[in-house]
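Let's take a walk through this protein together, with the model open beside the text.

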Amino acid sequence: MEIQENILLAPYTTFRIGGPARWFMEATSETELAEAVSFAREKNAPLFVLGGGSNLLVSDKGFPGAVVRVANRGIRQDLEGAYSVFTAAAGEDWDDFVSNVVEQDFAGVECMAGIPGTVGGTPVQNVGAYGQEVASTIVAVRALDRTTLKMVDFAAAQCQFGYRRSIFNSTGRDRYIVTEVGYRLKLHGAPRLAYQDLARAFSGWTEGPTLKQASETVRSIRQQKGMLLVEGDPDCRSAGSFFKNPVVSESHLADISARVVKEAHRAGLMLTEPIPHFAADPGSVKLLAGWLIEQAGFPKGFALGAAAVSSRHTLAIVNRGDATAKEILALRDEIRKRVLAQFGICLEQEPVYLGV
Ligand SMILES: Cc1cc2nc3c(=O)[nH]c(=O)nc-3n(C[C@H](O)[C@H](O)[C@H](O)COP(=O)(O)OP(=O)(O)OC[C@H]3O[C@@H](n4cnc5c(N)ncnc54)[C@H](O)[C@@H]3O)c2cc1C
C-alpha cells in the first residue's frame, strides 16, 4: 500500500474544504487497513478513517496525522427465503449500492437513494432519510478493532443504533474500522412511503409505486432541496444537514411554545401554527432544526462571507466557492448562538470535524 505525504484533503470531501493530511493511504483490504493502523502506531500519529468525506469538515490547517481511505470493494448476496442479505464492502459507494438492489426489486433502502458516501459510513451515524434508516435493515457489521488488530463481527443489536448514533460514533468511536455491512432486504417488498413529501407525490395513484419509482422520487425531492450531489450545483457543496434535529422533553416543548407565543404577541402577531414536531421516545419530541434556524433569523441563502445557509434547505451550510472551514464554523456559531438565545436549545453538529 502506497503511503503518500502532505495530501490535500479538500478534494476528498463534499464540502471541498480542508488542508493537507501528513500521511495518506488507500486501503483496499482488511489486511491493508491493519497495516495503516500499524503505520500510524509506528509514527505515534493519530489515524483518521475516511469514507466518502460527505459527513466531514476538515480544518484549513489540515490534519497532522495519518488518514486511511477505506477502498475495499465487493458485494455478495445470501438468499433467506423472501429476503436476501446483501453484504457490501465498506468502500462501496452507498448510492450505487442502493440503485443496484432497487434495480433487482429489493426493498428496505429505497428511501435512502441519493445519500452520498460509502457503505462503511452508513452504520456509523445510522444514516436515514425520508422515513427509513439503515438500522432497520442492517443485520451484521464487520469491523477491524484498532486496539487488538482483530476482526469483530457485530450483530445489529450490538451496534447500539439510535438517531444518528451507533457504537461506532459513540462508545467505540476511533476504535473500530467498518469493513463490511450486511443489509437484509425483502424481494418485491413495497416501498416505504411514511414521509409526507414522498406520500404526497403518489397520493393520486391507484396502484402503489414500484421501488424504483419511489427511489427516483426521493432523488428528485433531494435535488429540489440541494441534497443530491450534482456536479456544478453550489447548494450541494456541503455535508448535508449541518445540525441534528433536537430531541426535547414534552415540557420543554411547552416552554418553547409559550416563549414563541409571547414573542409573537409582543410583535403584534397571531400565531396559528404549532411548533412543528414529531413523536420521539416516550415523553419527548423531535423538533425540526431547520425550522428553529429559520425562526432565529437565518433565511435560506443567508451568507456570512463565503459560507451560507443553502438557498434550498435551511439545515445545510454550504461552501459558496472558496469558503474556509473557519468561515463555516463562524456561521455555525452564529446560528447556534441565536437558536440558543431564542429557544434555549443547543443545536448539535452532525458532520465530524477533523483537524486543529
Ligand atoms: C448532499 C448531502 C446529503 C446528505 N444527506 C444525508 C441524509 O439524508 N441522511 C444522512 O443520514 N446523512 C446524509 N448526509 C451525510 C453523509 O452522506 C452520511 O453521513 C454518510 O453516511 C457519510 O459517509 P462517508 O463515507 O462519506 O463518511 P465520511 O464523511 O468519510 O466520515 C464520516 C465519519 O464516519 C467515519 N467513517 C467513515 N467510514 C468509516 C468506516 N469504514 N469505519 C469506521 N468509521 C468510518 C469517519 O471516520 C467519520 O468519523 C448527506 C451529505 C451530503 C453531502
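**A guided walk through the model**

Glutamine 224 sits in helix H5, which covers residues 211-224. Please keep in mind that this is a predicted model. Is glutamine 224 buried or exposed? Glutamine 224 has 12 other C-beta atoms within 10 Å, so it counts as exposed.

The protein is divided into domain 1 (4-70), domain 2 (75-224) and domain 3 (235-354). Taken over C-alpha atoms, the centres of domain 1 and domain 2 are separated by 25 Å. Their contact draws 11 residues from domain 1 and 14 residues from domain 2. On the domain 1 side, H1 gives the most, with four residues. Sorted by class, that side of domain 1 has five nonpolar, five polar and one charged residues.

Let's stay with helix H1, which spans residues 30-43. Its 14 residues reach 20 Å from the first C-alpha to the last, close to the 20 Å expected at 1.5 Å a residue. Which residues of H1 are buried? They are Leu33, Ala36, Val37 and Ala40. Looking down the axis of H1, you will find the buried residues within an arc of 95 degrees, so they line one face of the helix. The face turned away from this buried side carries the exposed residues Thr31 and Glu42. As for what covers the buried residues of H1, the list includes strands E2 (20-27), E3 (47-50), E5 (63-70), E11 (138-145) and E13 (176-187).

Most residues other than glycine have a negative phi. Asparagine 44 is not a glycine, yet its phi is positive, at about 55 degrees. With 7 other C-beta atoms within 10 Å, asparagine 44 is exposed.

Helix H2 (residues 94-103) is our next stop, and its buried residues are Trp94, Asp95, Phe97, Val98, Val101 and Val102. They cover an arc of only 155 degrees around the axis, which puts them on the same side of H2. Asp96 and Glu103 are exposed on the other side. The buried residues of H2 pack against strands E6 (75-80), E7 (83-89) and E8 (106-107), and also against H3, E13 and H5. Just after H2, aspartate 105 takes a positive phi of about 70 degrees.

Another positive phi, of about 60 degrees, is found at histidine 188, which is not a glycine. Histidine 188 is placed in the loop between E13 and helix H4 (196-201). It counts as exposed, with 11 C-beta neighbours inside 10 Å.

We finish at the ligand. Of the 34 residues around the ligand, which come nearest? They are Gly51, Gly117, Gly120, Gly121 and Gly240. The elements that give two or more residues to this shell are E3, helix H3 (121-124), strand E9 (128-129), E13 and strand E14 (238-241). By class, the shell holds 19 nonpolar and 15 polar residues, and no charged ones.

Methods:
Residues numbered from 1 in each chain as written. Predicted model: local features only at pLDDT ≥ 70, side-chain atom pairs only at ≥ 80, totals over all residues. Expected span 1.5 Å × (residues − 1). Buried ≥ 20, exposed ≤ 12 C-beta atoms within 10 Å, placed from the backbone. Arc of directions from axis to C-beta. Contact = placed C-beta atoms within 7 Å. Near = placed C-beta within 6 Å. Nonpolar A, V, L, I, M, F, W, Y, C, P; charged D, E, K, R; others polar. Domains from an automatic or database assignment.
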